Amino acid sequence: MKFDRRRFIEAAGAGLSASALPSLVRAQSGPIRLGLMTVKTGPLASGGIDMERALVQYLKERNYTMGGRKVDLFVGDSGGVPAQARTKIQELVERDKIHVMIGPLDTASALAADDYIRQAQLLTLSVAAAEDMTQRKPNPWFTRGTSTSSQSAQPLADYCYKTLKHQRMVTIADDIAYGHEMCAGFQRVFEDSGGKIVQKLFSPLTVPDYGTYIAQLKTNVDGIFLGFAGSNGFRYFRQFNEYGLKGKVNVVGGMTAFDEAVLRNMGDEALGIITTCWYSAEIENAINKKFAANFRVDWNYDPGFYAAATYVEAAVLEATLNAIKGNIEDKQAFMKAVRGIKVDTARGPVSFDRYGNVVGSVYIRKVERKEGRLVNRVIHTYPNVSQFWTYEEKEFLANPVYARDYPPARYLE
Amino acid sequence: MRRVSKDGRLLDRPCCRPSRRAHPSPSAQERAPQDEVRNSSRSQLKIEKRSRMTLWLTLAVNSIAFGGLLFLLSAGFSLIFGLMRIPNLMHGSFFMLGAYFGVTLMLPAVGANFWVAALASAVAMAIIGAGVERLLLRRLAGQELAQVLLTLGLSFIVSDLCLMIWTGDPWQPLAPAELRGVVRAGGIVFPLYRLAVVVIAVAVAAALWLLVDWTRLGAMIRAGVDDAPIARVVGIRVSRLFTLVFALGAALAAFAGVVGAPILSVYPGLDADMLPLALIVVILGGTGSLLGALVGSFLIGFLYNFGQARFPDLAYVILFLPMLLVLVLRPQGLFGKGGS
Amino acid sequence: MTRVTAPNAAFALALLGLSTVPLWVGNSYYVDVASQILLFAVFALALNVLVGYGGLVSLGHAGLFAVSGYTAGLMLQAGFGHAAAIAGAVLVTLLASAVFAVLALRSTGIGFLMITLALGQILWGIAYRWADLTNGDNGVSISARPAPFGISLSGAPSFYYATLVVFLFALAAMAAFERSPFGASLRGTRDQARRMTALGYNVWLIRFLAFLFSGFWCSVAGLLYLYNKQFISPQVSALQASAEVLLMVISGGAATLLGPIAGAAVVVIMKYVVSAYVVRWNLVLGVIFVAIISFMPEGLVPGSVRIWGFARRRWRALRPARKSASGAPP
């Protein structure tokens, strides 16, 4: 059982100073209190632990200093339960007095904490993909350096139709907002390019057996798009192969279906799978080369979606702090600066649109073997992808948010 | 084309559920001449019918396979519930812990054979089960409710321990080499291993039946299930029997966990996913009855698969409703003996 | 005039302490934790009606809790006002309790447990999978807390006071119930159901009404939960949640007034405070549960009272020997 002594001491100190009345105005030379809202227990734990590892690596590389001030890190664990995420965020804000939060990990937690973030005016650099928080119900304190649910799926649809020449496809994803939004985005772009989605399946987030869903799968299609999160992609794919479907239907995956974190548990059956993501451990730029190499040395596996997420958000945070000369107490200035920033990060160059969502490169990757391990090699790059893809922003926002049944699937069989 | 009003709003209303009926796109219909239309729609219907047949057949075989796995899971639960009158809420934990244990034994570092791992895991869980019964449950002898709650508390402990030791990633071993591959018959493709699970389940059922109906030990168990106090009077060491049966139940659950691991994988929360299914099977089939557990397993296998496919929104309602009806109308289950 | 006795003084002190929590608990986060302790105490007291006084152990009460929260949440989302949402939630939960009662009271003991478990799971299944109705895993969030008599409850201290008021009402109701003839007859059905029937009491009706009473306070707790978190998701109706509230009742001490409150405090503090320092708090919770069931099955409060009484008697037994001069035989 781990007793987190450092946390205890920090929290005790924070508690003591917090109970002093009246609250003192923090001097600018005090440390920046950074909160990480992640998931360390439960099914999403492996991604959550990656988030912490990468962030700690970033901070260590800079000696826990950003924007000229020391950084104190507070980590919260929601256990994957949205209501608990909200309580933990409250704890980080009210008890630990964080200035800024990186996270949360999952969409449902972000949605649960949305109104609290507004109320507490908590500066948030999100990992979670909840679309409407940067679209129709924009949260003024919320910014996202990773991707909306559909932002990475839309370019993949374009690639599937134009390059892979798929005409008919099936989508399957977890039956949660994240899965709905991702499939909706994929479907819209695929059908607008000329393809047809002939079947849409949604499976519960935790289901022991995918047999029913594989039984229902239409096999007279060119490809199947997997919009799973966590390790469900891996579990589904295993069963998919057991039913002899590998090779019959091409498998393409969304940004969390075959992440580096699950790839390390897979074997040769994964070779050739094409996925999309805003990151790959194989991206060739100086920052990523160093990041991935160091991460691999420390933890013996490649960084994936979750590790890169916090590493990129930390880079965004640092760039913004530099722009406002470390004065994080000025929240308005921070949010204004972050929306205008341009940073080179491990995922390539990023900037932000006026809703706080990232505009950056999306990579199409293929699973290959390199140096004895499986990697996601980048085979195509879509630069400067925004959350609206090639659609005009106003027209995009006039439509309802991507959901299970929107856009309506017209070619279902 | 999507219809858009003058001010840019969408005029189509979202459709409800993805329907299984064919929607041939309007342009295809308009373009083809009359005969081709008739032929293409007829062959479309044929494809439709064949794919639906394939679906039903696959679901049916899936159901039987899942039912087999459920029987392995529930047999132990049924014995424990029947004899000791406690629904062992730790049963899912034994399933999961056994599965983790077996998977660990199959790692390259240890390199055990699949079947060896399964049996070793069963033995390990039997020991743990015996320990739990002897040291903890027996202190509360006679207080059935307290015993139930104790198993509940222990399940919290086990699930957190598993998360601590084996972390959050799922573990999925490959099926034993001789049982990999697919079977092609009747137009469907089906994994060989799942069919093997059915065979294993039937074999275990036969072994248990032999044990219960043909051995002295089995006779003692049946006596205990029928009337424990009188069995004591007759000289049967019922307390020792309790320990034995609890251990046996745990061993069966562990075995089921390892056998099921190539299909379900092992992940945090597996215990909470499987325990309700065991509960339903045993309540439906009747506590203390192996035949009931067998019939119940296949019944639930069918309900689970067809329910998920046809009524995904009400999947859990479909599962628990029969259990509820049985509890209310015929509490001893379909094949159970006497009231609980 | 009530005498100044130890229990009365303790009660007055506790009341004083509770009413001034926002003053001496420095941090608004902990005030919020205190609100959660109180609302879960109401939930535990509600379950205690059946478990402690009725002898009917239910593993499905989280379903009733969730029904209340979801009904209110969905009604608020649909545009109804707070008063309508609250009334709707209470009514729907009472209806659900009636259904639960009619089905579960066909049996007692383990049978009752299993039926309530099944019912709780059915409700969980609906909350989780019938996404068109309940929004599934993404849950239902509401935008604002109610403002009774114009007082805003959005701050932690004001919400705490509102919760405290509701809690005190619940406590008073429970105390009144315990002392009433109805409460006595319920305890009678727990202890000697057959004799009660022989005496002419309608055991089924007594239990049914107790179930409704329990369901009412479950709905109150569910509403408090919804307003506290401004969010509700299927996890609140899962088996784990039913197990936790049962744990609160049993670990604190079933069939007492203070037991469920103590139990609620233990579980909430473990979950929301200790979890920051101990990563594996779930494990610790399980260990506590097992220890209490095994060694102090009557619960923390009665068990502590027993140990306290035991200690006092031992102390008193020692004192005369000390008082007397040396030479007197022990």
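Modeller: A charge sits over a ring if NZ of Lys or CZ of Arg is within 6 Å of the ring centre and within 35 degrees of the ring normal. This is a predicted model. In chain A, the charged end of A:Lys196 meets that rule over the ring of A:Tyr411, 5.4 Å from the ring's centre. A:Arg264 likewise has its charged end over a ring, that of A:Tyr301, with 3.9 Å to the centre. A:Tyr301 also belongs to an aromatic cluster, whose members include A:Tyr58, A:Trp278, A:Tyr279 and A:Phe305.

Over all chains, the count of aromatic pairs is 48. One of them is formed by B:Phe77 and B:Phe81, edge-to-face, with 6.1 Å from centre to centre and 85° between the planes. These two residues lie about one helical turn apart, because they are four residues apart in helix α2 (residues 34–84) of chain B. B:Phe77 and B:Phe81 are both buried.

Another edge-to-face pair in chain B is B:Phe94 with B:Phe246, at 6.0 Å centre to centre and 80° between the planes. This pair links distant parts of the chain: B:Phe94 is in helix α3 (residues 91–105) and B:Phe246 is in helix α9 (residues 238–264), 152 residues apart. Buried means under 20% relative accessible area. B:Phe94, at 2% relative accessibility, therefore counts as buried, and B:Phe246 is buried with a relative accessible area of 0%.

Definitions and conventions. Residues numbered from 1 in each chain as written. Chains lettered and ligands numbered in written order. Predicted model: local features only at pLDDT ≥ 70, side-chain atom pairs only at ≥ 80, totals over all residues. Heavy atoms only, no water. Phe/Tyr/Trp six-rings, centres within 6.5 Å; stacked < 30°, edge-to-face > 60°. Buried < 20%, exposed > 50% of the residue type's maximum accessible area, 1.4 Å probe, protein only.
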